[in-house]
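Good morning, and thank you for coming. Please look at the structure on the screen while I take you through some of its features.

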Amino acid sequence: MKIFEEKQVLPEVNKICDVCEETVIIEVHGEIYAEFGELSARFGHGSQEDGNAYHLDLCEKCFKTAIFALQEHRRAIVMFDDTKELPNDSFGLVST
């Protein structure tokens, strides 16, 4: 026997960049796509951020800005260390 229960489902209709507040939804040849990056962190016991969790949805432009800032921070950290490589244009990229 099947028993049914009515439930309300709220479909996601848009996603907004948490930085610039622009939509991340684009239309290409009549198809709708959500083009976004995510920045998230969860800190545990022993961390100064113990118990804190962060999540940001970012548009492509803001995501690239965040990656560039982190790349420059990495560059400043390893600049004078001959044993470490400077970050390149593929910094953080895992596939294409």
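Is Glu 72 buried, exposed or partly exposed? Glu 72 is partly exposed, since its relative accessible area is 32%. Before I continue, please note that this is a predicted model.

Let me stay with Glu 72 for a moment. Its side chain meets that of Arg 75 in a salt bridge, with 3.3 Å from N to O. The count for the structure comes to one salt bridge. Both Glu 72 and Arg 75 belong to helix 1, which covers residues 60-78, and they stand three residues apart, about one turn of the helix.

Glu 60 lies in helix 1 and is exposed, with a relative accessible area of 59%. Glu 60 and Val 24 are 36 residues apart along the chain, yet 7.7 Å separates their C-alpha atoms. Val 78 is in helix 1 too, but this residue is buried, at 2% relative accessibility. Beyond its neighbours within four places in sequence, Val 78 is in contact with Lys 84, Glu 85, Leu 86 and Pro 87. From Val 78 to Gly 30 the C-alpha distance is 46 Å, and the two residues are 48 places apart in sequence.

I turn next to the core. Which residues make up the largest nonpolar core? There are five of them: Cys 17, Val 24, Leu 58, Cys 59 and Cys 62. If we set aside residues up to four places away in sequence, Cys 62 touches Cys 17, Val 19 and Cys 20.

Asp 57 deserves a careful look. This residue is found in strand 4, residues 53-58. Asp 57 is buried but has no salt bridge, and the nearest side chain of opposite charge, that of Lys 15, is 4.0 Å away. The side chain of Asp 57 does have a partner, for a polar contact of 3.0 Å joins it to the side chain of His 55. Leaving out neighbours within four places in sequence, the residues in contact with Asp 57 include Lys 15, Ile 16, Phe 36 and Glu 38.

Strand 4 also takes part in the next feature. How many aromatic pairs does a search of the whole structure find? The search finds one. The partners are Phe 43 and Tyr 54, whose ring centres are 6.3 Å apart and whose planes stand at 85 degrees, so the pair is edge-to-face. Phe 43 lies in the loop between strand 3 and strand 4, while Tyr 54 lies in strand 4, so the pair ties together parts that are eleven residues apart in sequence. Phe 43 is partly exposed at 34% relative accessibility, and Tyr 54 is partly exposed at 43%.

Finally, a word on the backbone. Most residues other than glycine have a negative phi. Glu 21, which is not a glycine, has a positive phi near 65 degrees. Glu 21 lies in the segment before strand 1 and is exposed, with a relative accessible area of 62%. His 29 likewise has a positive phi, about 50 degrees, although it is not a glycine. His 29 sits in the loop between strand 1 and strand 2 and is exposed, at 80% relative accessible area.

Thank you for your attention.

How values were computed. Residues are numbered from 1 along each chain as its sequence is written. This is a predicted model: local features need pLDDT of at least 70, side-chain atom pairs count only at pLDDT 80 or more; totals for chains, interfaces and linings use all residues. Side-chain values use heavy atoms; hydrogens and water are left out. A nonpolar core is a set of buried Ala, Val, Leu, Ile, Met, Phe, Trp, Tyr and Cys residues joined through side-chain atoms within 4.5 Å. Buried means under 20% relative accessible area, exposed over 50%, partly exposed in between (1.4 Å probe, protein chains only). Contact means heavy atoms within 4.5 Å. Helices (H or I, at least four residues) and strands (E, at least two) are DSSP runs, numbered from the N terminus. Lys and Arg count as positive and Asp and Glu as negative; His and the chain ends are not counted. A polar contact is a pair of N or O atoms within 3.5 Å; within protein, one must be able to donate a hydrogen and the other to accept it, and residues adjacent in sequence count only if both atoms are side-chain atoms. Rings of Phe, Tyr and Trp (its six-membered ring) pair if their centres lie within 6.5 Å; planes under 30 degrees apart count as stacked, over 60 as edge-to-face and the rest as tilted.
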